[in-house]
Amino acid sequence: MEKITKVRFEALAGFCRRPETSLYSEEVQWFQARNEDVLIVVIKDLIDQEFSAMLLARDLKLRYRWINMTAFFEVPEEALTATGPVLESALLNLDNQREQGDEKGKPVDFFNPVVTLEKLHPHFSLLNSSEGYSPAKELIIPMMRWYEDVDGNFIEQFQSNGFDARMWELYLFAMLVETGYSVDKDSAIPDFNAKGLFGELCIEATTVNPTRDRSGLIVPPPEANNDNDMLEIIRQYFPIKFAGPLTAKLNKRYWERENVKGRPLALAIQDFHAPMSMTHSRTSLPIYLYGYIHDWEHAQDGTLIIKPRKIDSHQWGAKSIESGFFRFEGAENISAIFGNTSATISKFNRMGMVAGFGSKRVRMIRKGWIPDTNPNASVPKSFTSEVHSPGYRESWIEGLDIYHNPHALHPLPVEMFPNAAHHFLEDDGQLRSILPDWHPISSETYIYIDQGD
């Protein structure tokens, strides 16, 4: 047996956990045997304070599942000693033990192209063949074993024009599992019906996509020549881009479905309409959702003064839309909006590296911005991290922003996502935020290959 990190164990087998297990057991150590044919997790019974070792192996669909366990002992070392004969027996008869009886269909190679070369998304091709993105690819493979393709077209879209949307869904799936939720795989609408210790919720995912002209060609986003131009783009153009997919989802009236009634319902949106667009449009999302612009200035003593200004619309060229999504008819059924500017292919790559996946020659530098905790600061602080350094840590929920609807019929409790950033509109128009200790608001990841000596 060889000891492995909790991060790697979770990347390989965390998807088989049930939320309720944390009520009566705690994982304390993790191991692998025979090139990860078998994973071993030592658990502590929280009631009897005793230890046991559980063995997991890949089922017929290559998902790690429970196959056996030891008896319970007073100390973890005794549980590990007892693992030896149980593991030896499992390895001798692994082909029979790994069958669970509920597997449907055969394992699928998500990276074997099923569309023609000209239809492959450039980011999929990069993910599939680039050494620099090998950590992300090796991370995604075991994750996809658990992500049920209820629509029947996941692989095709993942490899072609739906790559960004499918990656966003994969991120949400990983984040939910990490946070302690199980996802109902029997329902395709909305995208996620999740259940955890703090309750149930439903999430429908959507994306902001490029604007195209009548011939299908992508229309480039406007360019900013100065700070005033950028301010107008943030306050007018980007909100219009968010409006399309959000109002389209609002019109679907998911709250009328039996599996959604009475539960918090969130829409999760990610901006893919242009390269790096999400680094600028993050500020625009709450402007559109709440219908407020927040001007600011510093008083003579340095105190930051924020002046909320309610707005009714956004105008860009000939196009005009209504502002204040949470004020729309029917929007009271939307509990919150989720967004994460970090939830891109780069996050999968960083998380893959943290879990020990991919080429050992890959190196990553992450540069970005975090909120300045100084109450009078008007700009964020910069940070730089070496992702390949032993001390680097990151979670799936890191960077997640949750904008709460002040008019929600079924408010989303903060406790359901304790490590996210939560934002609320106060009665006076001020935006109040509850932030975790570390909350990157935007970042870029630079990849290079170590050529050695």
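**Reading cysteines, cavities and one histidine**

A: This is a predicted model, and a search of the whole structure finds zero disulfides.

Q: Are C16 and C202 buried or exposed?
A: A residue counts as buried under 20% relative accessible area and as exposed over 50%. C202 is buried because its relative accessibility is 0%. C16 has 28%, so C16 is partly exposed.

Q: How many cavities of 30 Å³ or more does a search of the whole structure find?
A: Rolling a probe the size of a water molecule over the atoms shows where empty space is left. In this structure the search gives two cavities of that size. The second largest cavity holds about 100 Å³ of space.

Q: Which residues lie nearest the centre of the second largest cavity?
A: They are R282, L285, G339, N340 and T341, out of 13 residues in the lining. Sorted by class, that lining has five nonpolar, five polar and three charged residues.

Q: Which elements each supply at least two residues of this lining?
A: They are β9 (265–271), α9 (278–281) and β17 (401–404). The largest share, three residues, comes from β9.

Q: What does H280 touch, leaving aside residues up to four places away in sequence?
A: H280, found in helix α9, touches M230, I234 and F238. F238 is 42 residues from H280 along the chain, and their C-alpha atoms are separated by 8.7 Å. H280 has a relative accessible area of 39%, so it counts as partly exposed.

Technical notes: Residues numbered from 1 in each chain as written. Predicted model: local features only at pLDDT ≥ 70, side-chain atom pairs only at ≥ 80, totals over all residues. Heavy atoms only, no water. Disulfide = S-S within 2.5 Å. Buried < 20%, exposed > 50% of the residue type's maximum accessible area, 1.4 Å probe, protein only. 1 Å grid on protein atoms, 1.4 Å probe; cavity = no way out; pocket = protein on both sides within 12 Å on 5 of 7 lines; lining within 4 Å. Points joined across faces, edges and corners; volume = space filled by probe spheres on them. Helix = DSSP H or I, 4+ residues; strand = E, 2+ residues; numbered from the N terminus. Nonpolar A, V, L, I, M, F, W, Y, C, P; charged D, E, K, R; others polar. Contact = heavy atoms within 4.5 Å.
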